[in-house]
Amino acid sequence: MDKTSVTIKETTKDDLDNVMSLWNDGEVMNFVGLPKGLGITKDEMEGWIEWAIEKPHRCHYSIYENDIGYCGETFYNVDEGGAAALDIKLFPKARGKGIAFKALVHAIEHAFNEGKAKLVYVDPHPDNLKAWQLYEKLGFISKPRPDFLEEGETYLEITRSQWEKHF
């Protein structure tokens, strides 16, 4: 895969069928506790897109690769305290190709530079070893889960200064 083959773009209504397909895929959604997929409809997607992009604090991106086509999504949401939740989901056909790394770098850069986040965090499923490896490669550090989040098993973060030193 060459350096120009991955396209990460702000999600629009034109991408909704692809995002819906991703979310309704049980293999994709397994680690978020939905082994049969989300079961979301086109009408629900139309309402969601209005919420999903509220720049600069929240943005959803669709990920494409020249040979594969639609690969998945990444997303950030910066709260009032400056902490940005980050997420990514890829179809199995897009995994292990460096696509997630490029997409997360893109989302993190935008969360810090446009969203003015102070830190970015993820909370991967404890058994999702590939996600853990990716987050560690990006410089995320495992820490105790903060009180401002609902209860959960994991929490990894990277601050703006740590990010700038890492990249």
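Student: The radius of gyration is taken over C-alpha atoms, and the globule rule is 2.2 Å times the number of residues to the power 0.38. What radius does the protein have?

Tutor: 15 Å, which agrees with the value near 15 Å for a compact globule of 167 residues. This is a predicted model: local features need pLDDT of at least 70, side-chain atom pairs count only at pLDDT 80 or more, and totals for chains, interfaces and linings use all residues. Residues are numbered from 1 along each chain as its sequence is written, and side-chain values use heavy atoms, leaving out hydrogens and water.

Student: How many helices and strands?

Tutor: Six helices and seven strands. These are DSSP runs numbered from the N terminus: helices are H or I with at least four residues, strands E with at least two. The order from the N terminus is β-α-α-α-β-β-β-α-β-α-β-β-α.

Student: What is the strand order in the sheet?

Tutor: S1-S2-S3-S4-S5-S7-S6, an open sheet with mixed pairing. Two strands pair if DSSP finds at least two bridges between them. The edge strands are S1 (6-10) and S6 (141-142).

Student: How does S6 run relative to S7, parallel or antiparallel?

Tutor: Antiparallel, with two bridges. Ile 141 has Glu 157 of S7 as its bridge partner.

Student: Switching to H1. Which residues are buried there?

Tutor: Leu 16, Val 19, Met 20, Leu 22 and Trp 23. Buried means under 20% relative accessible area, exposed over 50%, partly exposed in between (1.4 Å probe, protein chains only).

Student: Why are they on the same side of H1?

Tutor: Because they cover an arc of only 160 degrees around the axis. That arc is taken from the directions from the helix axis to the C-beta atoms. In general, an α-helix has 3.6 residues a turn, so residues three or four places apart point the same way.

Student: What do the buried residues of H1 pack against?

Tutor: H2 (26-29), H3, S2, S3 and S4 (83-90). Contact means heavy atoms within 4.5 Å.

Student: And the largest nonpolar core: how many residues?

Tutor: 50, with Ile 63, Leu 86, Val 120, Tyr 135 and Phe 140 having the most contacts inside it. Helix H4 (residues 99-113) gives the largest share, nine residues. Such a core is a set of buried Ala, Val, Leu, Ile, Met, Phe, Trp, Tyr and Cys joined through side-chain atoms within 4.5 Å.

Student: What does Val 120 touch?

Tutor: Among its contacts are Leu 86, Ile 108, Phe 112 and Phe 140, not counting residues up to four places away in sequence. Glu 157 is on that list too.
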